[in-house]
Amino acid sequence: MQSIAHVILTNGEPLADLYRKHVGDYPKFYKMDLLSRVGFIASELLLQQEGGERFVARGDRAIVLAGKSGCIVNDRAYEATIQPENFFPSPSLFVYTLPNVVTGEIAIRNKYAGETMYYALQDEKELLPLIECTLSDKTTSVLGGWIEAEDEERYYANLHIWKR
């Protein structure tokens with residue numbers, strides 16, 4: 001197994017600025033939760049680095065992402081809307097907030113029909129064996145890595161494209 005492309009995205013420029021600068025043509029970006037935006041931007045930078053033809057249907061590429069916190073940022077915001085006197089929390093905070101949404105958005109945008117998985121793990125080192133297991137006769141490459149997000153300016157993504 002070898003990494004053929006790699007990108008690290010970490011603290012700094014606001015995600016919306018990175019989106020406008022490097023992507024700009026996927027309006028669903030603004031509906032995504034924080035974790036999905038981090039993973040989406042990092043995947044776009046990674047796929048631009050890989051080069052080659054984009055947006056062509058393929059079933060041989062899987063997406064395997066992981067992180068420790070998942071969508072805890074949105075979960076906390078959602079929980080804060082639950083008040084004893086008004087028990088009906090805001091559904092707007094719960095749209096696009098599951099950690100596996102990021103894998104789905106990357107797959108939809110790029111027309112990937114392979115496996116899509118998000119794992120909640122304690123350590124980034126636990127991810128590599130899962131990526132290795134995903135590579136098979138049918139799956140020849142994996143867009144995979146670790147993503148974390150605290151807020152719009154504190155985030156981390158370490159993504160690779162792995163091939164057997």
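**From values to terms**

Modeller: In this predicted model, residues 24 or more positions apart account for 72% of the contacts with a separation of 6 or more. The protein has five helices and five strands, which run β-α-α-β-α-α-β-α-β-β from the N terminus on. Of its 164 residues, 45% count as buried.

Colleague: Let us begin with the aromatic rings. Why is the pair of Tyr19 and Phe29 called stacked?

Modeller: A pair of aromatic rings is described by the distance of the centres and the angle of the planes. The centres of Tyr19 and Phe29 are 4.2 Å apart, and their planes stand at 5°. Rings pair if their centres lie within 6.5 Å, and planes under 30 degrees apart count as stacked. Both values meet these limits, so the pair is stacked. Tyr19 belongs to helix 1, whereas Phe29 lies in the loop between helix 1 and helix 2, ten residues apart.

Colleague: What makes the pair of Phe29 and Tyr30 edge-to-face?

Modeller: The ring centres of Phe29 and Tyr30 are 5.3 Å apart, and the angle between the planes is 85°. An angle over 60 degrees counts as edge-to-face, so the term applies here. A search of the whole structure finds five aromatic pairs, and ring pairs link Tyr19, Tyr26, Phe29, Tyr30 and Phe40 into a cluster.

Colleague: How do you know whether Tyr19, Phe29 and Tyr30 are buried, partly exposed or exposed?

Modeller: Buried means under 20% relative accessible area, and exposed means over 50%. Tyr19, at 3%, is therefore buried, and so is Phe29, at 1%. Tyr30 has a value of 46%, which falls between the two limits, so Tyr30 is partly exposed.

Colleague: Why are the buried residues of helix 5 said to line one face?

Modeller: Leu127, Ile131 and Thr134 are buried in helix 5. Seen down the axis of helix 5, the buried residues fall within an arc of 60°, so they line one face of the helix. What covers them includes strand 2, strand 3, strand 4 and strand 5.

Colleague: How is the crossing of helix 2 and helix 4 described, and which residues make the contact?

Modeller: The axes of helix 2 and helix 4 come within 8 Å and cross at roughly 40°, and the crossing is right-handed. Among the residues in contact are Leu35, Ser36 and Phe40 of helix 2, together with Val101, Val102 and Ile106 of helix 4.

Colleague: What makes Ser36 a buried residue?

Modeller: Ser36, in helix 2, has a relative accessibility of 1%; the limit is 20%, so Ser36 counts as buried. A polar atom of its side chain lies 3.4 Å from the backbone nitrogen of Val102.

Notes: Residues are numbered from 1 along each chain as its sequence is written. This is a predicted model: local features need pLDDT of at least 70, side-chain atom pairs count only at pLDDT 80 or more; totals for chains, interfaces and linings use all residues. Side-chain values use heavy atoms; hydrogens and water are left out. Rings of Phe, Tyr and Trp (its six-membered ring) pair if their centres lie within 6.5 Å; planes under 30 degrees apart count as stacked, over 60 as edge-to-face and the rest as tilted. Helices (H or I, at least four residues) and strands (E, at least two) are DSSP runs, numbered from the N terminus. Buried means under 20% relative accessible area, exposed over 50%, partly exposed in between (1.4 Å probe, protein chains only). The arc is that of the directions from the helix axis to the C-beta atoms. Contact means heavy atoms within 4.5 Å. Axes are lines fitted to C-alpha atoms, for helices over the stretch in contact, and angles run from 0 to 180 degrees between N-to-C directions. A crossing is left-handed if the near helix is turned anticlockwise from the far one by less than a right angle, and right-handed if clockwise. A polar contact is a pair of N or O atoms within 3.5 Å; within protein, one must be able to donate a hydrogen and the other to accept it, and residues adjacent in sequence count only if both atoms are side-chain atoms.
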